[in-house]
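Start with the secondary structure.

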Amino acid sequence: MKKPDPKSLPVIGWREWVALPELGVDKVKAKIDTGARSSSLHAFDMKVFEQDGKSFVRFKVHPLQRSSRETIEVEAPVLEFRKVRSSSGHAKQRPVIVTTVEALGQSWPIELTLANRDEMGFRMLLGREAVRGRMLVDAGASYYGGKPPSAKRKTTKKKKKKKAKPSGKQRKEEP
C-alpha cells in the first residue's frame, strides 16, 4: 500500500467530538489515542445472543461523560471476541463490532471493542488503527471539528454588575 502524503491528510486534535450514526450516537467525545491500537466505546448491560447462527450484542451507551440522562440502546453483529489489555495491564475478552465513525466531515468504518468505561475520562477511544493513513494527530490541540452546541454553554455575554452606590443609611448587622 502506498503511503499517503502527510500534507494531504487532515489534522485531528487529541480529543474530538465524533458521531457513530449507525449506532444512533449523534455525538460522543473521543480521545484520539495513538498509544492504543484499537478503538473502544463505553458500553454497559451487554448481552451476547445468537440469531440465525450469528453472534450479536445488545448494549446500552451513555454518550455524554458524567451524565446518565441520555441512554441509547444498540444491537449489532459481533465481528469477533478479542483479548484486549487495558491501560492498567489487565487483559479481558471483549466483543468487537464494526461501525461507521464520522469526524471532521469524513466517515469511514472502524472496529470498536465494547467495554464499561464509566471510570475512564472519555466514553470513547479512537485508536491508531482507526486514524492510520487518514489523519494526522495534533497532540497539543483539541476540537478541530468544533464543539457541538450544548445546553450548558451560554452564547450571550455576561453583563457586568454595577456597584451599588452607598446610601446615607448604613445597616447594622446582627450578631
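Helices (H or I, at least four residues) and strands (E, at least two) are DSSP runs, numbered from the N terminus. The order from the N terminus is β-β-β-β-β-β-β-β-β-β-β-α-β.

This is a predicted model: local features need pLDDT of at least 70, side-chain atom pairs count only at pLDDT 80 or more, and totals for chains, interfaces and linings use all residues. Residues are numbered from 1 along each chain as its sequence is written, and side-chain values use heavy atoms, with hydrogens and water left out.

Of the 175 residues, 35% are buried (under 20% relative accessible area; exposed is over 50%, partly exposed in between; 1.4 Å probe, protein chains only).

How many salt bridges does a search of the whole structure find? It finds five. The criterion is a side-chain nitrogen of Lys or Arg within 4 Å of a carboxyl oxygen of Asp or Glu.

Asp45 pairs with Lys60, with the closest N and O atoms 3.5 Å apart. Asp45 sits in strand S5 (residues 44-51) and Lys60 in strand S6 (residues 54-61), so the bridge ties together parts 15 residues apart in sequence. Asp45 is partly exposed at 42%, and Lys60 is partly exposed at 27%.

Glu75 bridges to Arg58 at 2.9 Å between the closest N and O atoms. Glu75 belongs to strand S7 (residues 72-77) and Arg58 to strand S6, so this pair ties together parts 17 residues apart in sequence.

Arg132 and Glu129 meet at 2.6 Å, N to O. Arg132 is exposed at 52%; Glu129 is partly exposed at 40%. Glu80, Arg82 and Glu111 form a salt-bridge network.
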